[in-house]
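Biologist: I would like to learn how to read the features of a model like this one. Please take them one at a time.

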Amino acid sequence: MLAINKKPSYISPSSLGTFYKQPNKFYMQRMAPNPMPYEPQGIAAAVGSAFDALIKAHIIKNSTIIDPAHVWSVVYNDLYSDKQKEEFKDLSLKELLFMSSVEAEHREEVREAGNMLMRKYINNGYNCCLL
Amino acid sequence: MLPFVDVEIHRKFSLFLPKCATPIPIFGKQDSAVIDPFTDTKCPHDWKVSGYGNATGVSPKPGYMAIWKDCINEGSHKKYVMDIPLEQVDPSWATQVCTYGWGMGIPFGTAFPGYIDMLAIRPTGIRVARYRGMITPEFQKIVGENYLKMWTAIQNNSYVLSLGENRLTVEYLAQFERWY
(Lines give C-alpha, C1' and ligand atoms only; values in the text may rest on other atoms or scores of the structure.)
Protein backbone atom coordinates (compact mmCIF):
# COMPACT_ATOMS: atom_id res chain seq x y z
CA MET A 1 0.00 0.00 0.00
CA LEU A 2 1.12 3.55 -0.63
CA ALA A 3 2.59 5.33 2.36
CA ILE A 4 0.37 7.82 4.15
CA ASN A 5 1.98 10.82 5.77
CA LYS A 6 -1.26 12.24 7.15
CA LYS A 7 -4.97 12.05 6.58
CA PRO A 8 -6.97 15.24 6.09
CA SER A 9 -8.68 16.42 9.27
CA TYR A 10 -11.34 18.31 7.26
CA ILE A 11 -12.77 18.04 3.80
CA SER A 12 -14.17 20.88 1.71
CA PRO A 13 -16.17 21.40 -1.49
CA SER A 14 -12.95 21.88 -3.46
CA SER A 15 -11.27 18.81 -1.97
CA LEU A 16 -14.42 16.83 -2.77
CA GLY A 17 -14.01 17.81 -6.43
CA THR A 18 -10.31 16.94 -6.44
CA PHE A 19 -10.92 13.60 -4.72
CA TYR A 20 -13.37 12.39 -7.36
CA LYS A 21 -11.96 14.04 -10.47
CA GLN A 22 -8.23 13.93 -9.71
CA PRO A 23 -7.76 11.05 -7.26
CA ASN A 24 -4.04 10.64 -7.82
CA LYS A 25 -3.43 14.35 -7.36
CA PHE A 26 -5.49 14.35 -4.16
CA TYR A 27 -3.21 11.69 -2.68
CA MET A 28 -0.03 13.40 -3.88
CA GLN A 29 -1.04 16.79 -2.49
CA ARG A 30 -2.90 15.86 0.68
CA MET A 31 -1.69 12.51 1.96
CA ALA A 32 1.67 11.50 0.51
CA PRO A 33 4.99 11.87 2.30
CA ASN A 34 6.91 14.70 0.58
CA PRO A 35 3.69 15.96 -1.00
CA MET A 36 3.50 17.39 -4.48
CA PRO A 37 3.32 21.19 -4.30
CA TYR A 38 0.08 22.91 -5.21
CA GLU A 39 0.10 24.50 -8.63
CA PRO A 40 0.89 28.21 -8.55
CA GLN A 41 -2.02 30.58 -8.99
CA GLY A 42 -2.58 31.42 -12.66
CA ILE A 43 -3.22 34.94 -13.85
CA ALA A 44 -6.96 34.36 -14.42
CA ALA A 45 -7.38 32.96 -10.89
CA ALA A 46 -5.37 35.88 -9.51
CA VAL A 47 -7.70 38.37 -11.20
CA GLY A 48 -10.72 36.56 -9.76
CA SER A 49 -9.17 36.62 -6.30
CA ALA A 50 -8.31 40.32 -6.64
CA PHE A 51 -11.92 41.08 -7.54
CA ASP A 52 -13.16 38.98 -4.61
CA ALA A 53 -10.91 40.83 -2.16
CA LEU A 54 -11.78 44.29 -3.45
CA ILE A 55 -15.54 43.80 -3.61
CA LYS A 56 -15.58 42.31 -0.12
CA ALA A 57 -13.67 45.31 1.20
CA HIS A 58 -16.15 47.61 -0.58
CA ILE A 59 -19.15 45.81 0.90
CA ILE A 60 -17.71 45.88 4.42
CA LYS A 61 -16.89 49.58 4.11
CA ASN A 62 -20.47 50.36 3.14
CA SER A 63 -22.15 47.99 5.59
CA THR A 64 -23.60 48.89 8.94
CA ILE A 65 -23.88 45.26 10.06
CA ILE A 66 -20.61 43.60 9.03
CA ASP A 67 -17.86 44.09 11.63
CA PRO A 68 -14.55 44.85 9.85
CA ALA A 69 -12.48 43.85 12.89
CA HIS A 70 -14.14 40.44 12.94
CA VAL A 71 -13.47 39.85 9.25
CA TRP A 72 -9.86 41.01 9.69
CA SER A 73 -9.30 38.46 12.48
CA VAL A 74 -10.98 35.66 10.50
CA VAL A 75 -8.66 36.22 7.54
CA TYR A 76 -5.56 36.80 9.66
CA ASN A 77 -6.07 33.72 11.83
CA ASP A 78 -6.40 31.55 8.73
CA LEU A 79 -3.09 32.65 7.26
CA TYR A 80 -0.98 29.66 6.40
CA SER A 81 2.44 30.55 7.74
CA ASP A 82 4.03 32.50 10.59
CA LYS A 83 6.00 34.39 7.96
CA GLN A 84 2.76 35.65 6.40
CA LYS A 85 1.37 36.50 9.81
CA GLU A 86 4.39 38.66 10.52
CA GLU A 87 4.34 40.24 7.08
CA PHE A 88 0.60 41.04 7.10
CA LYS A 89 0.02 41.96 10.74
CA ASP A 90 -0.24 45.73 10.15
CA LEU A 91 -2.25 45.65 6.93
CA SER A 92 -5.64 47.30 6.52
CA LEU A 93 -8.55 44.93 5.97
CA LYS A 94 -8.64 45.68 2.24
CA GLU A 95 -4.93 44.97 1.85
CA LEU A 96 -5.12 41.88 4.04
CA LEU A 97 -7.92 40.47 1.88
CA PHE A 98 -5.95 41.27 -1.26
CA MET A 99 -2.52 40.07 -0.11
CA SER A 100 -3.84 36.87 1.44
CA SER A 101 -5.67 35.77 -1.69
CA VAL A 102 -3.47 36.98 -4.56
CA GLU A 103 -0.05 35.35 -4.86
CA ALA A 104 2.94 37.72 -4.69
CA GLU A 105 4.04 37.38 -8.31
CA HIS A 106 0.68 38.63 -9.62
CA ARG A 107 -0.21 41.38 -7.15
CA GLU A 108 1.04 44.34 -9.13
CA GLU A 109 -0.31 43.03 -12.41
CA VAL A 110 -3.86 42.21 -11.32
CA ARG A 111 -4.75 45.02 -8.94
CA GLU A 112 -6.06 47.31 -11.69
CA ALA A 113 -7.95 44.47 -13.38
CA GLY A 114 -9.58 43.63 -10.05
CA ASN A 115 -10.55 47.27 -9.55
CA MET A 116 -11.96 47.49 -13.06
CA LEU A 117 -14.07 44.36 -12.47
CA MET A 118 -15.30 45.75 -9.18
CA ARG A 119 -16.42 49.00 -10.83
CA LYS A 120 -18.21 47.03 -13.54
CA TYR A 121 -19.89 44.86 -10.93
CA ILE A 122 -21.00 47.82 -8.83
CA ASN A 123 -22.77 49.27 -11.86
CA ASN A 124 -24.06 45.94 -13.12
CA GLY A 125 -25.75 43.84 -10.49
CA TYR A 126 -24.44 45.01 -7.14
CA ASN A 127 -26.22 48.33 -7.18
CA CYS A 128 -29.26 46.97 -8.96
CA CYS A 129 -32.41 45.70 -7.38
CA LEU A 130 -32.25 41.99 -6.64
CA LEU A 131 -35.79 41.36 -7.84
CA MET B 1 -28.81 46.63 -4.08
CA LEU B 2 -27.91 43.13 -2.92
CA PRO B 3 -28.62 42.80 0.81
CA PHE B 4 -25.24 41.44 1.93
CA VAL B 5 -25.18 40.46 5.58
CA ASP B 6 -21.77 38.81 5.82
CA VAL B 7 -18.59 38.26 3.81
CA GLU B 8 -15.48 36.07 4.03
CA ILE B 9 -16.95 33.39 6.25
CA HIS B 10 -14.51 30.65 7.24
CA ARG B 11 -16.24 27.84 9.03
CA LYS B 12 -15.49 24.37 10.36
CA PHE B 13 -18.47 22.20 11.16
CA SER B 14 -19.53 18.57 11.39
CA LEU B 15 -22.04 17.25 8.88
CA PHE B 16 -24.41 14.71 10.40
CA LEU B 17 -26.26 12.59 7.86
CA PRO B 18 -29.46 10.73 8.72
CA LYS B 19 -28.91 7.16 9.92
CA CYS B 20 -25.17 7.65 9.92
CA ALA B 21 -23.14 7.59 13.11
CA THR B 22 -20.06 9.18 11.56
CA PRO B 23 -19.91 12.97 11.61
CA ILE B 24 -18.05 14.37 8.62
CA PRO B 25 -15.73 17.29 9.41
CA ILE B 26 -16.06 20.04 6.80
CA PHE B 27 -14.20 23.27 6.24
CA GLY B 28 -15.58 25.94 3.94
CA LYS B 29 -14.53 29.43 2.91
CA GLN B 30 -17.75 31.10 1.91
CA ASP B 31 -17.61 34.37 -0.06
CA SER B 32 -20.71 35.97 1.39
CA ALA B 33 -24.29 35.69 2.61
CA VAL B 34 -27.35 37.65 1.49
CA ILE B 35 -30.97 37.92 2.51
CA ASP B 36 -33.12 36.28 -0.14
CA PRO B 37 -36.04 38.67 -0.70
CA PHE B 38 -38.31 35.89 -1.94
CA THR B 39 -38.12 33.93 1.32
CA ASP B 40 -36.70 36.61 3.64
CA THR B 41 -34.05 34.12 4.76
CA LYS B 42 -30.27 34.30 4.95
CA CYS B 43 -28.61 32.24 2.25
CA PRO B 44 -25.18 31.68 0.66
CA HIS B 45 -23.85 33.86 -2.15
CA ASP B 46 -20.70 33.42 -4.22
CA TRP B 47 -18.87 35.24 -7.00
CA LYS B 48 -17.39 33.64 -10.09
CA VAL B 49 -15.08 35.45 -12.49
CA SER B 50 -14.57 33.76 -15.81
CA GLY B 51 -12.93 34.50 -19.14
CA TYR B 52 -10.04 36.76 -18.14
CA GLY B 53 -7.10 36.33 -20.49
CA ASN B 54 -9.12 34.08 -22.78
CA ALA B 55 -8.95 35.19 -26.42
CA THR B 56 -12.62 34.55 -27.08
CA GLY B 57 -13.91 35.04 -23.55
CA VAL B 58 -16.78 33.13 -22.02
CA SER B 59 -20.56 33.24 -22.14
CA PRO B 60 -22.64 33.21 -18.98
CA LYS B 61 -24.01 29.79 -18.10
CA PRO B 62 -27.66 29.29 -19.07
CA GLY B 63 -30.32 29.70 -16.40
CA TYR B 64 -29.58 33.18 -15.04
CA MET B 65 -32.28 35.17 -13.30
CA ALA B 66 -30.94 38.48 -14.61
CA ILE B 67 -28.03 39.73 -16.65
CA TRP B 68 -26.54 43.21 -16.82
CA LYS B 69 -24.38 44.83 -19.44
CA ASP B 70 -23.55 48.52 -19.58
CA CYS B 71 -25.88 49.12 -16.62
CA ILE B 72 -28.86 47.63 -18.44
CA ASN B 73 -30.72 44.58 -17.18
CA GLU B 74 -31.27 42.40 -20.22
CA GLY B 75 -33.65 40.05 -18.39
CA SER B 76 -33.59 36.38 -17.52
CA HIS B 77 -32.41 33.41 -19.55
CA LYS B 78 -35.07 31.36 -21.32
CA LYS B 79 -34.28 28.34 -19.09
CA TYR B 80 -34.75 30.33 -15.89
CA VAL B 81 -37.78 29.52 -13.82
CA MET B 82 -38.50 30.54 -10.26
CA ASP B 83 -36.84 28.01 -7.93
CA ILE B 84 -34.73 26.41 -10.67
CA PRO B 85 -32.52 23.75 -9.03
CA LEU B 86 -29.02 25.23 -8.93
CA GLU B 87 -27.48 21.91 -9.99
CA GLN B 88 -29.21 22.39 -13.36
CA VAL B 89 -27.07 25.50 -13.82
CA ASP B 90 -23.84 23.97 -12.55
CA PRO B 91 -23.45 20.94 -10.23
CA SER B 92 -20.12 22.13 -8.80
CA TRP B 93 -21.59 25.55 -7.95
CA ALA B 94 -24.53 23.80 -6.33
CA THR B 95 -22.22 21.53 -4.30
CA GLN B 96 -20.35 24.54 -3.00
CA VAL B 97 -23.50 26.49 -2.12
CA CYS B 98 -25.08 23.39 -0.59
CA THR B 99 -22.08 22.92 1.73
CA TYR B 100 -22.08 26.59 2.73
CA GLY B 101 -25.80 26.45 3.48
CA TRP B 102 -25.25 23.57 5.89
CA GLY B 103 -22.44 25.54 7.47
CA MET B 104 -24.85 28.43 7.99
CA GLY B 105 -27.06 26.10 10.00
CA ILE B 106 -29.66 25.15 7.40
CA PRO B 107 -30.71 21.58 8.32
CA PHE B 108 -29.74 18.75 5.98
CA GLY B 109 -32.68 17.96 3.69
CA THR B 110 -34.35 21.37 3.91
CA ALA B 111 -34.54 23.12 0.53
CA PHE B 112 -32.95 26.56 0.43
CA PRO B 113 -31.97 29.15 -2.18
CA GLY B 114 -28.43 30.15 -3.11
CA TYR B 115 -27.02 32.96 -5.22
CA ILE B 116 -24.14 33.16 -7.67
CA ASP B 117 -23.03 36.32 -9.46
CA MET B 118 -20.93 35.45 -12.50
CA LEU B 119 -18.76 38.04 -14.20
CA ALA B 120 -18.44 36.77 -17.75
CA ILE B 121 -15.56 38.49 -19.53
CA ARG B 122 -15.29 38.81 -23.26
CA PRO B 123 -13.03 41.00 -25.41
CA THR B 124 -16.20 42.94 -26.29
CA GLY B 125 -17.25 43.62 -22.70
CA ILE B 126 -18.21 42.28 -19.32
CA ARG B 127 -21.61 40.97 -18.34
CA VAL B 128 -22.81 40.18 -14.84
CA ALA B 129 -25.20 37.25 -14.65
CA ARG B 130 -27.13 36.59 -11.45
CA TYR B 131 -28.27 33.07 -10.62
CA ARG B 132 -30.78 32.21 -7.96
CA GLY B 133 -31.29 28.49 -7.63
CA MET B 134 -32.66 26.07 -5.09
CA ILE B 135 -30.59 23.47 -3.31
CA THR B 136 -33.10 20.66 -3.34
CA PRO B 137 -33.34 17.87 -0.72
CA GLU B 138 -32.55 15.33 -3.44
CA PHE B 139 -29.36 17.12 -4.40
CA GLN B 140 -28.37 17.50 -0.75
CA LYS B 141 -28.67 13.74 -0.37
CA ILE B 142 -26.28 13.19 -3.30
CA VAL B 143 -23.77 15.71 -1.96
CA GLY B 144 -24.00 14.25 1.55
CA GLU B 145 -23.40 10.75 0.21
CA ASN B 146 -20.40 11.95 -1.79
CA TYR B 147 -18.87 13.50 1.33
CA LEU B 148 -19.56 10.34 3.32
CA LYS B 149 -18.05 8.04 0.67
CA MET B 150 -14.99 10.24 0.47
CA TRP B 151 -14.51 10.49 4.23
CA THR B 152 -15.06 6.76 4.75
CA ALA B 153 -12.68 5.79 1.94
CA ILE B 154 -9.96 7.99 3.42
CA GLN B 155 -10.46 6.67 6.95
CA ASN B 156 -10.57 2.95 6.06
CA ASN B 157 -7.73 3.25 3.49
CA SER B 158 -9.85 1.87 0.64
CA TYR B 159 -9.13 5.09 -1.27
CA VAL B 160 -5.36 4.68 -1.06
CA LEU B 161 -5.68 0.98 -1.89
CA SER B 162 -7.61 1.90 -5.05
CA LEU B 163 -4.68 3.91 -6.41
CA GLY B 164 -1.57 2.58 -8.15
CA GLU B 165 0.78 0.36 -6.23
CA ASN B 166 3.72 2.71 -6.04
CA ARG B 167 4.33 6.38 -5.68
CA LEU B 168 6.02 6.78 -9.07
CA THR B 169 2.91 5.56 -10.88
CA VAL B 170 0.59 7.76 -8.85
CA GLU B 171 2.85 10.78 -9.28
CA TYR B 172 2.98 10.18 -13.02
CA LEU B 173 -0.79 9.85 -13.33
CA ALA B 174 -1.38 12.92 -11.16
CA GLN B 175 0.43 15.09 -13.70
CA PHE B 176 -2.21 14.36 -16.32
CA GLU B 177 -5.30 14.78 -14.21
CA ARG B 178 -7.30 17.83 -15.09
CA TRP B 179 -10.62 19.17 -13.93
CA TYR B 180 -12.05 19.20 -17.42
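**A helix and its surroundings**

Modeller: Start with a length check: at 1.5 Å a residue, the 13 residues of helix α2 (residues 91–103) of chain B should span 18 Å, and its end C-alpha atoms are 18 Å apart, which agrees. The expected span is 1.5 Å times one less than the number of residues. Helices (H or I, at least four residues) and strands (E, at least two) are DSSP runs, numbered from the N terminus. This is a predicted model, in which local features need pLDDT of at least 70, side-chain atom pairs count only at pLDDT 80 or more, and totals for chains, interfaces and linings use all residues. Residues are numbered from 1 along each chain as its sequence is written, while chains are lettered from A and ligands numbered from 1 in the order in which they are written.

Biologist: How many residues of α2(B) are buried?

Modeller: A residue is buried if 20 or more other C-beta atoms lie within 10 Å of its own, exposed if 12 or fewer, and partly exposed in between, with C-beta atoms placed from the backbone. Eleven of the 13 residues of α2(B) are buried, so this helix is largely enclosed by the rest of the structure. Among them are Trp93(B), Cys98(B), Tyr100(B) and Trp102(B). After α2(B) comes Gly105(B), with a positive phi near 105°.

Biologist: What pattern does chain B follow along the sequence?

Modeller: The pattern is β-β-β-β-β-α-α-β-β-α-α-α, with five helices and seven strands in chain B. Of its 180 residues, 42% count as buried. The C-alpha atoms of chain B fill a box of roughly 55 × 40 × 30 Å, taken along the principal axes.

Biologist: How many residues of chain A are in contact with chain B?

Modeller: Two residues are in contact if their C-beta atoms, placed from the backbone, lie within 7 Å. By that rule, 52 residues of chain A are in contact with 49 residues of chain B. On the chain A side, the largest share, ten residues, comes from α3(A). That side has 34 nonpolar, eleven polar and seven charged residues. Here Ala, Val, Leu, Ile, Met, Phe, Trp, Tyr, Cys and Pro count as nonpolar, Asp, Glu, Lys and Arg as charged, and the others, Gly among them, as polar.

Biologist: Which residues have the most contacts inside the largest nonpolar core?

Modeller: In soluble globular proteins, nonpolar side chains tend to be buried together. A nonpolar core is a set of buried Ala, Val, Leu, Ile, Met, Phe, Trp, Tyr and Cys residues joined through C-beta atoms within 7 Å. The largest one has 77 residues, and those with the most contacts inside it are Ala50(A), Phe51(A), Leu119(B) and Tyr131(B). Helix α3 (residues 43–61) of chain A gives the largest share of this core, ten residues. Leaving aside neighbours within four places in sequence, Ala50(A) is in contact with residues including Phe98(A), Val102(A) and Val110(A).
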